[in-house]
Amino acid sequence: MYAMALETWSAKQLVRVELPTPDVGPKQVRVAVHAIGVNPVDWKMRSGGPLRLAARVIRTVRGPRGPIILGVDFAGVVEAVGAKVTDLAVGQRVVGGTNFSRGQHGSYADTVVVESDQLAPLPDDVPFDVAGALPVAGVTAWMALTEYRRIEPGRRALVLGASGGVGQFAVQLAKRTCGADVVAGVCSTKNLELVRSLGADHALDYTGGDPLEAARAHGPYDVVVDCAGTYAASRCRSLLAPGGRHVMVAGDSIGMMLQVIVPPFRSRAILGKPTRARISAVVAAVAAKQLVVPISERLPLAEVEAAHAKSMTGRVTGKLVLLAR
Ligand SMILES: NC(=O)c1ccc[n+]([C@@H]2O[C@H](COP(=O)([O-])OP(=O)(O)OC[C@H]3O[C@@H](n4cnc5c(N)ncnc54)[C@H](OP(=O)(O)O)[C@@H]3O)[C@@H](O)[C@H]2O)c1
């Protein structure tokens, strides 16, 4: 197998490495990877700060050894299953997410091995590139709208950063899958039409005044999903209806933790974790045509450095997808 990896934590470039094809444990599945979604966490893990520190500590304790393979999202075809895996079969199309904290390699590779509960079956009519873009961003949006605060008819949702990877999924799932009465999304001028087309009742421009004051006119909200990380938590909470939640997807981690532990306890920091049930829910929304997956660009896996450079601008509209074969 091959991967694009850092040879050490201080390496400047992701380079192609050849590795032996891994065996599967009893509850594991090996997948021939076709497509890999790029997420900001991928480059944050190499660029210093708390995410890199956490990843380094986890790898030191749990492994694996050898080159550092980043990436979480993947979609592909089952190549081998462990003796105790009875619900997935060789040849089946699947989508999933790797998990560093389980001692696994990342997904920037043509082959991954994960536990079977990290994978969901993929219907034939959902292409690999679409599926590969779903796990982290789709599952994070899904968790915010169903586990952190249940959004349903009669409720209102505000999405900050509505034109980004997570935000686009949050707008669509809130409106079309959860059935929110009102969805408002905050983005830049160039993306207003896009955010409306995804189902937002109100698209609000953050470049033309204070978007939170503009959002107040359409609230109060049962959930404020912050995918931008640039808005004061207290101001986000001031837009909440009774029982509402401010869900922090983005932001500086220490600041987020402080908001969680201080009263009034209406802010929550989310960590998107792709599990079979969550991925299946998001895939079902795609199959039901409730969720479209705007892909900004498809690049060969070998061009991962270019994909990271684009993602790091923070202004990519839609998902970047790497193709491994
Ligand atoms: N906690 C978790 O589990 C989790 C999971 C996924 C992502 N994240 C984090 O969440 C953030 C977003 O991820 P992503 O994948 O959606 O990133 P992305 O695709 O790069 O999108 C970022 C978006 O932010 C928008 N933006 C920038 N400044 C803004 C502002 N002041 N107000 C409103 N929107 C603004 C940009 O839209 P315009 O071009 O329209 O300005 C851009 O589309 C990242 O920090 C990422 O690390 C966390």
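The model is predicted: local features need pLDDT of at least 70, side-chain atom pairs count only at pLDDT 80 or more, and totals for chains, interfaces and linings use all residues. Residues are numbered from 1 along each chain as its sequence is written, and side-chain values use heavy atoms, without hydrogens or water.

**Ligand site**

Helices (H or I, at least four residues) and strands (E, at least two) are DSSP runs, numbered from the N terminus.

| Protein group | Ligand atom | Distance |
|---|---|---|
| S163 side chain | oxygen | 2.8 Å |
| I270 backbone | nitrogen | 2.8 Å |
| G272 backbone | oxygen | 2.7 Å |

Alone, the ligand exposes 920 Å², and the protein buries 86% of that. Accessible areas come from the Shrake-Rupley method with a 1.4 Å probe; for residues, only the protein chains shown count as cover.

Why is α4 largely enclosed by the rest of the structure? In α4, 12 of the 14 residues are buried, so the rest of the structure largely encloses this helix. Buried means under 20% relative accessible area, exposed over 50%, and partly exposed in between (1.4 Å probe, protein chains only). Among the buried residues of α4 are P135, W142 and M143.

S311 sits in helix α11 (residues 304–312). S311 is buried at 10% relative accessible area. Its side chain makes a polar contact with the side chain of W43, at 2.7 Å. Such a contact is a pair of N or O atoms within 3.5 Å; within protein, one must be able to donate a hydrogen and the other to accept it, and residues adjacent in sequence count only if both atoms are side-chain atoms.

**A three-strand sheet**

An open sheet of 3 strands runs β2-β1-β4, with antiparallel pairing. β2 (15–18) and β4 (68–69) are the edge strands, each pairing on one side only. Strand β1 (residues 2–6) pairs with β4 over 2 bridges. Two strands pair if DSSP finds at least two bridges between them.

L6 stands opposite I68 in β4. A5 lies in β1 and is buried, at 0% relative accessibility. A5 and I68 are 63 residues apart in sequence, yet their C-alpha atoms are 5.3 Å apart.

**Backbone geometry**

Most residues other than glycine have a negative phi, and most peptide bonds are trans. A cis peptide bond joins G219 and P220, with omega about 0°. P220 is in the loop between α7 (211–216) and β12 (221–226). Another cis bond joins P263 and P264, with omega about 10°.

P264 is in the loop between α9 (253–261) and β14 (267–269). F265 lies in the loop between α9 and β14. F265 has a positive phi of about 60° and is partly exposed at 42%. K289 has a phi near 65°. K289 is exposed, with a relative accessible area of 66%.
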